[in-house]
Structure formats: structure tokens, C-alpha cells
Amino acid sequence: MKRYKIFQLLVILSTMAFGLISCEKTVWPDINKVGKTDYMGIWKSQNYREKTTYIRTQNLITKDFTARDTTYTETVDMQFDLGIARASGMMVTDSAKITLTTFVDGVPKTPVVKTGYFTIGETAGGDYLGKTIYLNFWEKTTTIHTGFANPIAEPYTTYTVVSKSATEMTLSWVLYNNTAQNSVAYKVVLKK
């Protein structure tokens, strides 16, 4: 009986040791800060954005997976105010406001306004990957736990800057609808 307990203990310890040895170290990309002055101001879309929905389903009988992508253009006006001026005229450099107005049959609906803060970061490029610039937006009125209760309305969104010139910027981002199998990717062209 005592040998059986020692054998169990040795099996458990060897399993734990194997698990610790086989774990790989996660390497996070280095993020460098980017100057906000080139991004500050009012950026507005031209009344459209591209929406791609990705849905993956499983057949209950055959257990096969099918995926479907649907891309279409939405009649949506987006405005990004990056760096909002106070009543005194002083600019708050990390403040942001995103206004979203949906049009149905040419009639604008009530705008959805989100206020918060933004930061800009850039990944370090390498031999195989180029640099990528990210614009992170945090909503002021929500808490971090809101994302767990409703994954569609997380308190932060990361926008990838696809391209940028002095007067035009293209952003893309992905929202997940409860699972990674059901997601929506957006792309919008903004003009200053």
C-alpha cells in the first residue's frame, strides 16, 4: 500500500515537471509610442464603411464545419475627434470622441456618441513583418467588467491604422459576437 502511494506521488511530480519544462515562453511584440500630433483633429468618413461578417457553423449530423463571409457597404457616418479642446481653449491630448450616425433610406438616425481616451502604439518591424500602428480607444463611462457581461460592447477597441497621409486615414477593427467563430470586421476611410 505504501509503495502504491509513493508511485502515485512520483507520477504526479513527473507530470508536473514535464508540464513546466514543455511550456513555451510567450513573446509579446515590442510596442513603441507614436507621437499623437499627426493624428489629432477631426477625422470624418464619407458616409460609408465596409463590413465583413464571418460566421462558422457546425452541422449537427455530419459534424462538418462551414464558414461564410459576407462583405457589404454600410451607410454609416463616423467621426473621430482625437484631442478635444476644453472650454478654455486648451486641448486635452489623450481625449477622444467617436460619433456614429446610421442612415436608413437616406434618413439619419440618432447618433451614438462614445467619449474616452486614446493612445497610439507601433510594433517594431522585423525581417518578415512590417511595422503596424494601433490606435487604442477606451470608453470613459464603462468599466473593464462590461466586456465580460456583453462581449459586443467592450470598454475598449483597438483600431489598426491600415494607411495614413496628411489628410486621409484608413482604419480597420474586429468585433466578436460572443465567440471567435462569429466576428465582424470593419474598414473605414476617414478624411481630415
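Trainee: Which side chain makes a polar contact with the side chain of Asn-136?

Mentor: First, a word on the model. It is predicted, so to speak, with cut-offs attached: local features need pLDDT of at least 70, side-chain atom pairs count only at pLDDT 80 or more, and totals for chains, interfaces and linings use all residues. Residues are numbered from 1 along each chain as its sequence is written, and side-chain values use heavy atoms, with hydrogens and water left out. A polar contact is a pair of N or O atoms within 3.5 Å; within protein, one must be able to donate a hydrogen and the other to accept it, and residues adjacent in sequence count only if both atoms are side-chain atoms. Here the partner of Asn-136 is the side chain of Thr-158, at 2.8 Å.

Trainee: Where is Asn-136 found?

Mentor: Strands (E, at least two residues) are DSSP runs, numbered from the N terminus. Asn-136 is in strand 9. Contact means heavy atoms within 4.5 Å; leaving aside neighbours within four places in sequence, Asn-136 is in contact with Tyr-117, Phe-118, Thr-119, Thr-157 and Thr-158.

Trainee: How many aromatic pairs does the structure hold?

Mentor: Rings of Phe, Tyr and Trp (its six-membered ring) pair if their centres lie within 6.5 Å; planes under 30 degrees apart count as stacked, over 60 as edge-to-face and the rest as tilted. The structure holds three such pairs. One of them, Tyr-159 with Trp-173, is edge-to-face, with 4.9 Å between centres and 65° between planes. That pair links distant parts of the chain, with Tyr-159 in strand 10 and Trp-173 in strand 11, 14 residues apart.

Trainee: Why is the pair of Trp-173 and Tyr-186 stacked?

Mentor: Their ring centres are 5.3 Å apart and the planes lie at 20°, so the pair counts as stacked. Trp-173 in strand 11 and Tyr-186 in strand 12 are 13 residues apart. Phe-80, Tyr-159, Trp-173 and Tyr-186 form one aromatic cluster.

Trainee: Is Trp-173 buried or exposed?

Mentor: Buried means under 20% relative accessible area, exposed over 50%, partly exposed in between (1.4 Å probe, protein chains only). Trp-173 counts as buried because its relative accessibility is 6%, and Tyr-186 does too, at 11%.

Trainee: Which residues touch the most other members of the largest nonpolar core?

Mentor: A nonpolar core is a set of buried Ala, Val, Leu, Ile, Met, Phe, Trp, Tyr and Cys residues joined through side-chain atoms within 4.5 Å. In this 25-residue core, they are Tyr-39, Met-78, Phe-80, Leu-82, Tyr-159 and Leu-171.

Methods. Helix = DSSP H or I, 4+ residues; strand = E, 2+ residues; numbered from the N terminus.
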